[in-house]
Amino acid sequence: MDSHDKNDEPLILKLRAIIRFAVRALAMIMTAVILWGVVDVCWVLYQELISPPRFMLTMSDILATFGAFMAVLIAIEIFVNICIYLREDVIHVQIVMATALMAIARKVIILDFNKTSPQYVWAIAGVVFAMSIGYYLVLNSSQTCIAMFDPIFPKDRHEIHKGEKPE
């Protein structure tokens, strides 16, 4: 963002400052959400363990706990996205797609197959497949772009244009 600051008009500079403030506020709110999520996971687990029969968890209790854990991990990934945006002023597609994959994995983990229609399961399978392919393509293209525009090893640019993989 600093390279654009010299040429932008004052209104744009003020609007960017407001947006950066909003992103910082979102980071603070997300930190609170993460902490509340951890406390919630601990509280629910504690409640399940002290209720009769004590220290026994049913399969649905375990799956619910896994779902709560995954929700906290997704919140942490969103926090990482916010922090990267604050540092680089860019939204990284790779990280966003990884977060989406984690969210869909959470859905698969907590899915109750006894109450879910086959069409819904196939739809989720399609989303997982599409997101996985998209993540793979983004991951490969970002590695190629990094090598392609690497000022340290400029010879890699010529190898990529010839269809060869960078070293």
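## Confidence in the model

pLDDT is the predictor's confidence in each residue, on a scale from 0 to 100. The structure above is a predicted model, and its average pLDDT is 80, with 78% of the residues scoring at least 70.

## Helix 3 and its surroundings

Helix 3 has 30 residues. From its first C-alpha to its last it reaches 43 Å, close to the 44 Å expected at 1.5 Å a residue.

The buried residues of this helix include Asp61, Thr65, Gly67, Met70 and Asn81. Ile74, Ile82, Ile84 and Leu86 are also among them.

## Helix 3 against helix 4

Two packed helices are described by the angle between their axes and the distance between the axes. For helix 3 (residues 59-88) and helix 4 (residues 93-110), the angle is about 170° and the axes lie 9 Å apart. Angles over 145 degrees count as roughly antiparallel, and helix 3 and helix 4 are therefore roughly antiparallel to each other.

On the helix 3 side, the residues that meet helix 4 include Leu63, Phe66, Met70, Ile74, Glu77 and Ile78. Helix 4 contributes, among others, Ile95, Val96, Thr99, Met102, Arg106 and Ile109. By class, this contact has 15 nonpolar, 3 polar and 2 charged residues.

Is Thr99 buried or exposed? Its relative accessible area is 8%, so Thr99 is buried.

## The loop between helix 2 and helix 3

Most residues other than glycine have a negative phi, and most peptide bonds are trans. The loop between helix 2 and helix 3 is worth a look with that in mind. Pro53 lies in this loop, and the peptide bond from Pro52 to Pro53 is cis, with omega near -10°.

Phe55 is in the loop between helix 2 and helix 3 as well. Although Phe55 is not a glycine, its phi is positive, at about 60°. Phe55 has 65% relative accessibility, so it counts as exposed.

Methods
Residues numbered from 1 in each chain as written. Predicted model: local features only at pLDDT ≥ 70, side-chain atom pairs only at ≥ 80, totals over all residues. Heavy atoms only, no water. Axes fitted to C-alpha atoms, helices over the stretch in contact; angles between N-to-C directions. Helix = DSSP H or I, 4+ residues; strand = E, 2+ residues; numbered from the N terminus. Parallel < 35°, antiparallel > 145°, perpendicular 65-115°, else oblique. Contact = heavy atoms within 4.5 Å. Nonpolar A, V, L, I, M, F, W, Y, C, P; charged D, E, K, R; others polar. Buried < 20%, exposed > 50% of the residue type's maximum accessible area, 1.4 Å probe, protein only. Expected span 1.5 Å × (residues − 1).
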